[in-house]
Amino acid sequence: MRTLIALILLSWAAPAEAGYNRPALRDAFDPDTLRIEEGRYLGQAVPDVAVRTGSGTARLHELIGGRPTILILAYYTCHGPCPTTVRNLLEAVRPLQGEDFRVLVLSFDKTDTPETMARVKEAIGPVPASWTFGTLPPDEIPRLTQAVGFTFFFSERDQAFVHPTVLTFLSPAGEVMRYLYGTDPRLQDIRLALIEARNRVGRLNELVDMATLACYRYDPARSRYVIHPALIFGGIGLGVLGVTGIVSFMYGRSPKGGRKQ
């Protein structure tokens, strides 16, 4: 009897164990895939991978061109967050036209083609000359995505990729400087992340930018920049001292204050 029970349990456990290895189970949503272990990648240089653009093949560092760069990893058959993120970024950075930075939209889907890329560009509309859309050769996809901590997988159930929705800010030398998550980035966060990505001191306007950045700190929990707490408490302290000084001055001028003639 015990042998029969054991055989039944083994016959049930074998397919169950095999089921855990089926790719379909990867359809279960894993929140960890939406966040990047930033501490492992900040400051790391991205590889100089080949990029297929509308005008031919170029190298990634050539496209960065010694400028602070916003990298969007997306795929061109996406009907959700990818085109939304690109459109919202395009709208958000309109006030920054004329500033010296690049935007790269690169597909991590090996099945993307110049045709799928062209359809997305046409749907988005005109973009500045500093923007580049491209695809990656299959062997270059893991090199770039792994270098920035970008993980993704294909959901057979939804027929879509599950991946982080993130802007990756690169320095002029191609180093990872900051991540901003979400489909609707704020202009202030983009501006500050670009200042941080610039990572150099030179002209007066850059010194002013660095002073501005010093007034904020990046909050990883909210994926945005917030006023530095030291400024808040310092402002409160100065306010208290100012009010105290005014009250003391006014009290000294009052006849009831006992001021001697």
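How many nonpolar, polar and charged residues does the lining of the second largest pocket have? By class, five are nonpolar, three polar and two charged (Ala, Val, Leu, Ile, Met, Phe, Trp, Tyr, Cys and Pro count as nonpolar, Asp, Glu, Lys and Arg as charged, the others, Gly among them, as polar). The model is predicted: local features need pLDDT of at least 70 and side-chain atom pairs pLDDT 80 or more, while totals for chains, interfaces and linings use all residues. Residues are numbered from 1 along each chain as its sequence is written, and side-chain values use heavy atoms, without hydrogens and water.

**Pocket**
- Lining residues (an atom within 4 Å of a pocket point) include Tyr 76, His 79, Arg 87 and Arg 119.
- Helices α4 (81-92) and α5 (114-124) each give two or more residues to this lining, and α5 provides the largest share, four residues.

- Beyond its neighbours within four places in sequence, Leu 60 is in contact (heavy atoms within 4.5 Å) with residues including Val 46, Asp 48, Leu 106 and Leu 144.

**Overall fold**
- Nine helices and eleven strands make up the secondary structure (DSSP runs: helices H or I, at least four residues; strands E, at least two).
- Of 261 residues, 38% count as buried (under 20% relative accessible area, 1.4 Å probe, protein chains only).

Key: On a 1 Å grid over the protein atoms alone, a cavity is a set of points where a 1.4 Å probe fits but cannot get out, and a pocket is an open set with protein on both sides within 12 Å along at least five of seven lines; lining residues have an atom within 4 Å of a point. Buried means under 20% relative accessible area, exposed over 50%, partly exposed in between (1.4 Å probe, protein chains only).
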